[in-house]
Amino acid sequence: MKNNLFIIGNGFDRGHDMPTSYNNFKDWLIEMYPESQDTEHFMVSDATLMPKGDMSISDEDLASFLVYCINEAAGGNWANFEEALGKIDWELFFDDVDDVAGRDGDIDLWKTAYAREDFTSTLSFNAYGFSKLFSQWINTISYPKAISCNSFLTDSLKGSSIFLTFNYTKTLEDIYHIPSEQICHIHGVQGKEIIIGHGVEKSHAATEAYSDDEYDCEADYESDYDFGMEGIDDIHDSLQKPTKQILEQTPFFASLKHHCIKDIFSWGFSFSAVDLCYIKEICKTIDTGNIIWHLHDRGNGDPVQFEQILRQCGFSGNVTTFKA
């Protein structure tokens, strides 16, 4: 039975001089695939049929696609990488998909729709490569030669704590020698499946499907530019972080009832909107009235903002700060 819960975010690793920011990810992509910087001449790549029958796109083309998408969605600011994944305007890519003309020279609406559907499949195939590249980068991250433990995490505190970490590294295990059974890597860990994603609810409403005999194709095409592009909602959804599924399949939260948590420490955790469901689950699972939440104070004013978020998530105990 443990008395303390630590919630560890990327700021913890960065505080140990580790290159784990999303901007570090961008730097790695450009270093590995220099041509990805050339967004001016970017084109969406088609998948190639391989000898064994599977479809493939080169990592270089996937990197170019990812850099282009994030730069467009976030103005080049990769600090909000996951949020940007949910703001990609997939419709813009269709500007280069020409309408298909029929024999009479007029636009063939059905063939145009089929062309758009094929292009949607191409976009989807490219988008699935995002997590592949991200995982490749995560698995290259190593510890600085001069890395040292922060004295705040004493042996006594480590022994009486459980850890919910949003980091993909094993800093807690390898550097602080905390047993793995005390640690939950909520979004995966180096060498295993890595989970990334946004929390943006889709705003694009897919066109309702109709059978051929009741669907007025021409009327819809004139009133709905998105005809044949309904599949972009699926791309948006595929890049959404599956938080509901994670909560259902992760026993960590239910196990909190078996501990006697008196103090919660959040360290390097940014309280991003997509991850607040986990904080809400903690506040719902245990009675927080007599718990003290300790916010890591970096001297930048974050604790004031974070306390407001905590209250909105249902935390009812006292809030204070700690320096480390």
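**Before the close-ups.** Buried means under 20% relative accessible area, exposed means over 50%, and partly exposed falls in between (1.4 Å probe, protein chains only). The model shown here is predicted, so local features need pLDDT of at least 70 and side-chain atom pairs count only at pLDDT 80 or more, while totals for chains, interfaces and linings use all residues. Residues are numbered from 1 along each chain as its sequence is written, and side-chain values use heavy atoms, with hydrogens and water left out.

Figure 1. Helices (H or I, at least four residues) and strands (E, at least two) are DSSP runs, numbered from the N terminus. Along the principal axes, the C-alpha atoms fill a box of roughly 80 × 45 × 40 Å. Of the 324 residues in the chain, 47% are buried.

**Figure 2. Helix α5, residues 109-127.** This helix has 19 residues and spans 27 Å from its first C-alpha to its last, close to the 27 Å expected at 1.5 Å a residue; the expected span is 1.5 Å times one less than the number of residues. Which residues of α5 are buried? Among them are Leu109, Thr112, Ala113, Arg116, Phe119 and Leu123. As background, an α-helix has 3.6 residues a turn, so residues three or four places apart point the same way.

**Figure 3. A nonpolar surface patch made by Leu49, Met55 and Phe125.** The patch covers about 280 Å², with accessible areas from the Shrake-Rupley method with a 1.4 Å probe; for residues, only the protein chains shown count as cover. Patches are made of residues with over 30% relative accessible area and no salt bridge, joining like charges within 9 Å and nonpolar side chains (Val, Leu, Ile, Met, Phe, Trp, Tyr) within 5 Å. Met55 sits in strand β3 (residues 55-56) and counts as partly exposed because its relative accessibility is 39%.

**Figure 4. A patch of negative charge on the surface.** Glu35, Asp38, Glu40, Glu60 and Asp61 gather here. Glu40 lies in the loop between α2 (22-32) and β2 (48-49), and with a relative accessible area of 70% it is exposed.

**Figure 5. The salt bridge between Lys241 and Asp275.** A salt bridge is a side-chain nitrogen of Lys or Arg within 4 Å of a carboxyl oxygen of Asp or Glu, and the structure holds 9 of them. Here the N to O distance is 3.2 Å. The pair links distant parts of the chain, 34 residues apart: Lys241 is in the loop between α10 (232-238) and α11 (243-249), and Asp275 in the loop between β6 (263-267) and α13 (276-285). Both Lys241 and Asp275 are buried.

**Figure 6. The salt bridge between Asp302 and Arg298.**

**Figure 7. Glu307 and Arg311 in helix α14 (residues 302-312).** These two form a salt bridge, with the closest N and O atoms 3.5 Å apart. They lie 4 residues apart, about one turn of the helix. Glu307 is partly exposed at 30% relative accessible area, and Arg311 is partly exposed at 36%. Elsewhere, salt bridges that share partners join Glu82, Lys241 and Asp275 into one network.

Technical notes
Lys, Arg positive; Asp, Glu negative; His and termini not counted. Charge placed at Lys NZ, Arg CZ, Asp CG, Glu CD.
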